[in-house]
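This report describes the fold of a single protein chain, from its overall dimensions to its sheets and cores. The sequence and structure are shown first.

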Amino acid sequence: MEPGDRLNRRDLEALRWVGEQYACRLDHLQVLLGRLGGRGPLSASAARSVAARWEALGLAARGSFLTGEPPWVWLTRAGLRRAGLPFRAWEPAAWPLPHMAAVNRVRLFVEPRRPGARWRPERELRAAGGAEPVPDAEIHDAGGNVIAVEVELSAKSATRRRRAMLALVTRYEAVWYFAAAECWAAVHDALCDVASELADLVRIYALEDL
(Lines give C-alpha, C1' and ligand atoms only; values in the text may rest on other atoms or scores of the structure.)
Protein backbone atom coordinates (compact mmCIF):
# COMPACT_ATOMS: atom_id res chain seq x y z
CA MET A 1 0.00 0.00 0.00
CA GLU A 2 1.30 3.46 -0.92
CA PRO A 3 1.44 5.97 1.95
CA GLY A 4 -0.92 8.25 0.05
CA ASP A 5 -3.65 5.60 0.24
CA ARG A 6 -4.01 6.34 3.94
CA LEU A 7 -3.49 10.08 3.92
CA ASN A 8 -6.29 12.60 3.78
CA ARG A 9 -6.10 16.26 2.80
CA ARG A 10 -5.48 17.36 6.38
CA ASP A 11 -2.58 14.92 6.65
CA LEU A 12 -0.96 16.25 3.49
CA GLU A 13 -1.35 19.90 4.49
CA ALA A 14 -0.04 19.21 7.98
CA LEU A 15 2.91 17.19 6.70
CA ARG A 16 3.88 20.03 4.40
CA TRP A 17 3.60 22.57 7.25
CA VAL A 18 5.77 20.43 9.54
CA GLY A 19 8.34 19.85 6.82
CA GLU A 20 8.55 23.54 5.98
CA GLN A 21 9.20 24.38 9.63
CA TYR A 22 11.88 21.69 10.10
CA ALA A 23 9.92 20.18 13.02
CA CYS A 24 6.81 20.79 15.09
CA ARG A 25 6.21 20.38 18.82
CA LEU A 26 3.18 18.30 19.74
CA ASP A 27 1.21 21.17 21.30
CA HIS A 28 1.64 23.19 18.11
CA LEU A 29 0.63 20.16 16.06
CA GLN A 30 -2.57 20.02 18.11
CA VAL A 31 -3.39 23.59 17.02
CA LEU A 32 -2.41 22.98 13.41
CA LEU A 33 -4.42 19.78 12.99
CA GLY A 34 -7.47 21.32 14.63
CA ARG A 35 -7.27 24.40 12.43
CA LEU A 36 -6.89 22.35 9.25
CA GLY A 37 -9.94 20.40 10.33
CA GLY A 38 -11.94 23.58 10.84
CA ARG A 39 -12.11 23.41 14.62
CA GLY A 40 -10.19 24.10 17.81
CA PRO A 41 -7.00 22.34 18.89
CA LEU A 42 -7.04 18.56 19.07
CA SER A 43 -6.34 16.80 22.32
CA ALA A 44 -2.76 15.70 22.92
CA SER A 45 -3.81 12.06 22.56
CA ALA A 46 -5.49 12.73 19.21
CA ALA A 47 -2.42 14.55 17.88
CA ARG A 48 -0.18 11.74 19.11
CA SER A 49 -2.39 9.27 17.25
CA VAL A 50 -1.96 11.21 13.99
CA ALA A 51 1.82 11.46 14.50
CA ALA A 52 1.98 7.72 15.29
CA ARG A 53 0.14 6.93 12.05
CA TRP A 54 2.60 9.07 10.08
CA GLU A 55 5.45 7.31 11.84
CA ALA A 56 4.02 3.86 11.05
CA LEU A 57 3.90 4.86 7.37
CA GLY A 58 7.56 5.90 7.50
CA LEU A 59 6.73 9.55 6.87
CA ALA A 60 7.67 11.06 10.23
CA ALA A 61 9.65 10.47 13.39
CA ARG A 62 9.09 11.58 16.96
CA GLY A 63 11.31 12.37 19.91
CA SER A 64 11.57 14.21 23.23
CA PHE A 65 14.53 16.53 23.74
CA LEU A 66 13.81 19.08 26.47
CA THR A 67 12.70 18.06 29.95
CA GLY A 68 9.15 19.07 30.75
CA GLU A 69 8.26 19.93 27.14
CA PRO A 70 6.04 18.01 24.71
CA PRO A 71 7.72 15.76 22.14
CA TRP A 72 8.57 16.88 18.61
CA VAL A 73 7.58 15.54 15.20
CA TRP A 74 9.65 15.88 12.01
CA LEU A 75 9.54 14.36 8.55
CA THR A 76 11.68 11.58 7.16
CA ARG A 77 13.03 11.62 3.62
CA ALA A 78 9.90 9.76 2.52
CA GLY A 79 7.70 12.26 4.36
CA LEU A 80 9.37 15.22 2.68
CA ARG A 81 8.94 13.58 -0.69
CA ARG A 82 5.26 12.79 0.00
CA ALA A 83 4.68 16.41 1.07
CA GLY A 84 6.22 17.65 -2.17
CA LEU A 85 9.15 19.32 -0.44
CA PRO A 86 12.67 19.31 -1.96
CA PHE A 87 14.59 19.55 1.32
CA ARG A 88 17.14 17.13 2.69
CA ALA A 89 16.09 15.00 5.64
CA TRP A 90 16.93 16.63 8.96
CA GLU A 91 16.79 15.44 12.57
CA PRO A 92 16.43 17.83 15.54
CA ALA A 93 19.02 18.62 18.17
CA ALA A 94 18.07 20.20 21.47
CA TRP A 95 19.80 23.58 21.12
CA PRO A 96 17.75 25.15 18.24
CA LEU A 97 14.38 23.86 19.42
CA PRO A 98 13.36 26.86 21.59
CA HIS A 99 13.81 29.16 18.61
CA MET A 100 11.97 26.75 16.29
CA ALA A 101 9.10 26.54 18.76
CA ALA A 102 8.89 30.33 18.86
CA VAL A 103 8.89 30.60 15.05
CA ASN A 104 6.16 27.96 14.83
CA ARG A 105 4.17 29.86 17.42
CA VAL A 106 4.47 33.05 15.37
CA ARG A 107 3.38 31.27 12.19
CA LEU A 108 0.34 29.81 13.95
CA PHE A 109 -0.49 33.32 15.18
CA VAL A 110 0.01 35.13 11.88
CA GLU A 111 -1.59 32.78 9.36
CA PRO A 112 -5.24 33.12 10.40
CA ARG A 113 -4.79 36.90 10.68
CA ARG A 114 -3.39 37.34 7.15
CA PRO A 115 -5.90 35.60 4.85
CA GLY A 116 -4.57 35.09 1.36
CA ALA A 117 -0.95 35.50 2.46
CA ARG A 118 1.75 32.90 1.99
CA TRP A 119 4.30 32.09 4.67
CA ARG A 120 7.66 31.36 3.05
CA PRO A 121 9.78 29.61 5.70
CA GLU A 122 13.47 30.00 6.36
CA ARG A 123 14.08 26.44 5.18
CA GLU A 124 12.74 27.33 1.75
CA LEU A 125 14.62 30.62 1.63
CA ARG A 126 17.92 28.91 2.41
CA ALA A 127 17.28 26.15 -0.11
CA ALA A 128 16.68 28.84 -2.75
CA GLY A 129 19.94 30.58 -1.91
CA GLY A 130 18.32 33.65 -0.37
CA ALA A 131 20.43 36.72 0.31
CA GLU A 132 22.02 37.04 3.73
CA PRO A 133 20.84 37.71 6.32
CA VAL A 134 18.05 35.18 5.77
CA PRO A 135 15.03 36.08 7.93
CA ASP A 136 13.11 33.47 9.89
CA ALA A 137 10.34 33.73 7.28
CA GLU A 138 8.80 35.91 4.62
CA ILE A 139 5.11 36.76 4.42
CA HIS A 140 3.89 37.32 0.86
CA ASP A 141 0.57 39.06 1.31
CA ALA A 142 -2.40 39.28 -1.02
CA GLY A 143 -1.39 42.79 -2.09
CA GLY A 144 2.02 41.67 -3.34
CA ASN A 145 4.00 43.00 -0.38
CA VAL A 146 6.79 40.91 1.12
CA ILE A 147 7.32 41.18 4.88
CA ALA A 148 10.35 39.77 6.68
CA VAL A 149 9.72 38.00 9.99
CA GLU A 150 12.38 37.79 12.68
CA VAL A 151 11.95 35.99 16.01
CA GLU A 152 14.33 37.10 18.76
CA LEU A 153 14.67 35.07 21.95
CA SER A 154 17.94 36.08 23.56
CA ALA A 155 20.70 38.64 23.58
CA LYS A 156 23.21 38.62 20.76
CA SER A 157 25.92 40.93 19.51
CA ALA A 158 24.48 44.45 19.21
CA THR A 159 26.56 44.96 16.07
CA ARG A 160 25.24 41.76 14.50
CA ARG A 161 21.62 42.60 15.27
CA ARG A 162 21.99 46.18 14.01
CA ARG A 163 23.67 45.03 10.79
CA ALA A 164 20.92 42.47 10.14
CA MET A 165 18.14 44.98 10.75
CA LEU A 166 19.73 47.56 8.46
CA ALA A 167 20.05 44.94 5.70
CA LEU A 168 16.47 43.73 6.03
CA VAL A 169 14.83 47.17 5.92
CA THR A 170 16.49 47.84 2.57
CA ARG A 171 15.12 44.61 1.05
CA TYR A 172 11.56 44.34 2.36
CA GLU A 173 8.37 46.39 2.45
CA ALA A 174 8.23 45.75 6.20
CA VAL A 175 10.12 43.85 8.89
CA TRP A 176 8.25 42.34 11.81
CA TYR A 177 10.19 41.45 14.95
CA PHE A 178 8.65 39.15 17.56
CA ALA A 179 10.89 39.67 20.57
CA ALA A 180 11.00 37.91 23.92
CA ALA A 181 11.25 40.05 27.04
CA GLU A 182 14.95 39.18 27.44
CA CYS A 183 15.89 40.98 24.23
CA TRP A 184 13.08 43.51 23.81
CA ALA A 185 15.27 46.49 24.74
CA ALA A 186 18.12 45.31 22.53
CA VAL A 187 15.86 45.10 19.48
CA HIS A 188 14.58 48.62 20.17
CA ASP A 189 18.17 49.84 20.55
CA ALA A 190 19.01 48.43 17.11
CA LEU A 191 16.04 50.27 15.63
CA CYS A 192 17.47 53.58 16.87
CA ASP A 193 20.27 53.19 14.32
CA VAL A 194 17.90 52.81 11.37
CA ALA A 195 17.39 55.93 9.27
CA SER A 196 14.10 57.65 10.05
CA GLU A 197 12.72 57.11 6.55
CA LEU A 198 13.21 53.33 6.99
CA ALA A 199 12.47 52.97 10.70
CA ASP A 200 8.72 53.11 10.06
CA LEU A 201 9.04 49.81 8.18
CA VAL A 202 9.93 48.00 11.41
CA ARG A 203 7.32 46.68 13.83
CA ILE A 204 8.28 45.08 17.14
CA TYR A 205 5.82 42.76 18.91
CA ALA A 206 6.08 41.08 22.28
CA LEU A 207 6.43 37.34 21.79
CA GLU A 208 4.75 36.70 25.12
CA ASP A 209 1.55 38.39 23.88
CA LEU A 210 0.89 35.79 21.18
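## Overall architecture

The protein chain contains 9 helices and 8 strands; helices (H or I, at least four residues) and strands (E, at least two) are DSSP runs, numbered from the N terminus. The model is a predicted one, in which local features need pLDDT of at least 70 and side-chain atom pairs count only at pLDDT 80 or more, while totals for chains, interfaces and linings use all residues. Residues are numbered from 1 along each chain as its sequence is written, and side-chain values use heavy atoms, with hydrogens and water left out.

Along the principal axes, the C-alpha atoms occupy a box of roughly 60 × 40 × 30 Å. Buried residues account for 45% of the 210 residues, where buried means under 20% relative accessible area, exposed over 50%, and partly exposed in between (1.4 Å probe, protein chains only). Of the contacts (heavy atoms within 4.5 Å) between residues at least 6 apart in sequence, 60% join residues at least 24 apart.

Strands E1 and E3 are joined by 2 bridges, and Cys24 has Val73 in E3 as its bridge partner.

## The five-stranded sheet

A further open sheet is formed by 5 strands in the order E4-E5-E6-E7-E8, with mixed pairing. Strand E4 (118-121) and strand E8 (202-206) are the edge strands, each pairing on one side only. From one strand to the next, the twist averages 25°. Strand E7 (residues 174-179) pairs with E8 in the parallel sense over 5 bridges, and Trp176 has Arg203 in E8 as its bridge partner. Helix H7 (residues 158-169) packs on the sheet and touches E6, E7 and E8; its direction makes about 145° with that of E7.

Glu152 belongs to strand E6 (residues 146-152). This residue is buried, with a relative accessible area of 4%. Leaving aside neighbours within four places in sequence, Glu152 contacts Arg161, Tyr177, Phe178, Ala179, Ala180, Cys183 and Val187.

## Nonpolar cores

A nonpolar core is a set of buried Ala, Val, Leu, Ile, Met, Phe, Trp, Tyr and Cys residues joined through side-chain atoms within 4.5 Å. The largest has 25 residues, and those with the most contacts inside it are Leu15, Val18, Leu29, Leu32, Leu33, Trp54 and Leu75. At least two residues of this core come from each of helix H1 (9-20), helix H2 (26-36), helix H3 (44-56) and strand E3 (72-75). Another core, of 17 residues, lies apart from it and includes Ala148, Val175, Cys183 and Ile204.

Methods: Two strands pair if DSSP finds at least two bridges between them. Axes are lines fitted to C-alpha atoms, for helices over the stretch in contact, and angles run from 0 to 180 degrees between N-to-C directions.
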